[in-house]
Amino acid sequence: MATGKRKRIFIRGTYFDYPSLFLIVFLLLFGLMMVYSISSYMAGINIGDSAYYAKRQFLFAAVGFVIMMVVSKMRYQILRKWSMVIIILTVLLLLSVFVIGKASNGSTRWINIGVISFQPSEIAKLSLIIYTAHICTAKSGYLKTFMGTVILMLIPVGCVVIIAIENLSTAVICAVIVIAIWFVATPKPIYLLFVALAGALFLYLFITLFSYRSDRLEAWKDPEHAANGYQTMQALYAIGSGGLFGRGLGQSVQKLGYIPEAHNDMIFSVVCEELGIIGGAALIIVFVMMLWRFRFIAEGAPDRFGALMVVGVIAHLGFQIILNISVVTNLLPNTGVTLPFISYGGSSLSFLLLELGVVLSVSRQIVPVGNRKEAVQ
């Protein structure tokens, strides 16, 4: 009985996307190296342990990697059965932030459970991927009409609105995830025009209702003279001083307290300072290669649900990478979004690796071309 259950949950598969795994491992190791290089000075002064942040990041990376590999061996189809439970629990967690949440930097986004601290909005990214992929597969007929689409998207949109109250940047990422999955699944892409108009109105209201968000716009327009433009200016100084080939690994000046918490959101600027524009461009190329491999997995997925989940992961990672780098280079206003794999953050890294475990699970079920006629539909 137990053996049969294991066979239903775990798979051996005829294929595994090792190039994706290699790129993930490379980014993890590179991120650990940069977290240590950039945080060691301030950690040594403030905590007395120069490797403090690197050791914590390594712990979460190791645990997350094990979870990723376990999830990659599971049948991702079981997530469809639990998608409603997952999204309901996520909504409850998001609402609980307003009751028991911990304030940080003026916003209440964190929940503390014993020694564990995490942002429910990080869980929401994966939950929305699973739930939106499921409803766009199970209720695809609803997508043929405007009202059907509205009904289908009520829960995902509700989650985005809840997140936006305290964390607009993450809400935008979640919205992009939902829109990307919906856009690939829908036979009526003209509805995207209505979504774009509604999204623009949504952003306008949330920016104008909160003064600190308007201040960020002012800092973006003129960071040199704006009161909140200090961090952006220091990030630009870091990129400029790195030049083409960089100062050398560990030789950053801006990490010596000039950029506040340089190992977090603004880490890409110090990567460019130490490794130069060449190093920053090489990192972007690795990101693009990983997303390209995920596209291959989505195209080869054995069913619509698996393909749409991978599309959601591509949208999440691609948009968050673009958003972070755009903020660091002042192409967009400061949003407080981390750079996946590279920025310090244990819980966000763990949930990201869990997400990637789902992608690798889909890759295990890709049917080789020669065997597709014999595949079970």
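## Overall make-up

Helices and strands are here DSSP runs, with at least four residues (H or I) for a helix and at least two (E) for a strand, numbered from the N terminus. By that definition, the protein in this predicted model has 15 helices and three strands.

Of the 377 residues in the protein, 46% are buried. The exposed surface comes to about 18,400 Å², with 69% of it supplied by carbon and sulfur atoms. Among contacts with a separation of 6 or more, 75% are between residues 24 or more positions apart.

## Helix α6 against α9

Helix α6 covers residues 120-138 and helix α9 residues 168-185; their axes come within 10 Å and cross at roughly 15°. Angles under 35 degrees count as roughly parallel, so α6 is roughly parallel to α9. The crossing is right-handed.

On the α6 side, the contact is made by S121, K125, L128, I129, T132, A133 and C136. The α9 side supplies T170, I173, C174, I177, V178, I181, W182 and A185. By class, the residues of this contact are eleven nonpolar, three polar and one charged.

## Helix α6 against α15

α6 also packs with helix α15 (residues 346-364), at an angle of about 15° and with the axes 9 Å apart. These two helices are therefore roughly parallel to each other, and α6 passes α15 in a right-handed crossing.

E122, I123, K125, L126 and I129 of α6 meet S348, F351, L354, E355 and V358 of α15. Six residues of this contact are nonpolar, one is polar and three are charged.

Notes:
Residues numbered from 1 in each chain as written. Predicted model: local features only at pLDDT ≥ 70, side-chain atom pairs only at ≥ 80, totals over all residues. Heavy atoms only, no water. Axes fitted to C-alpha atoms, helices over the stretch in contact; angles between N-to-C directions. Parallel < 35°, antiparallel > 145°, perpendicular 65-115°, else oblique. Left-handed = near helix turned anticlockwise from the far one by under 90°. Contact = heavy atoms within 4.5 Å. Nonpolar A, V, L, I, M, F, W, Y, C, P; charged D, E, K, R; others polar. Buried < 20%, exposed > 50% of the residue type's maximum accessible area, 1.4 Å probe, protein only. Areas by Shrake-Rupley, 256 points an atom, 1.4 Å probe, with all protein chains shown as cover.
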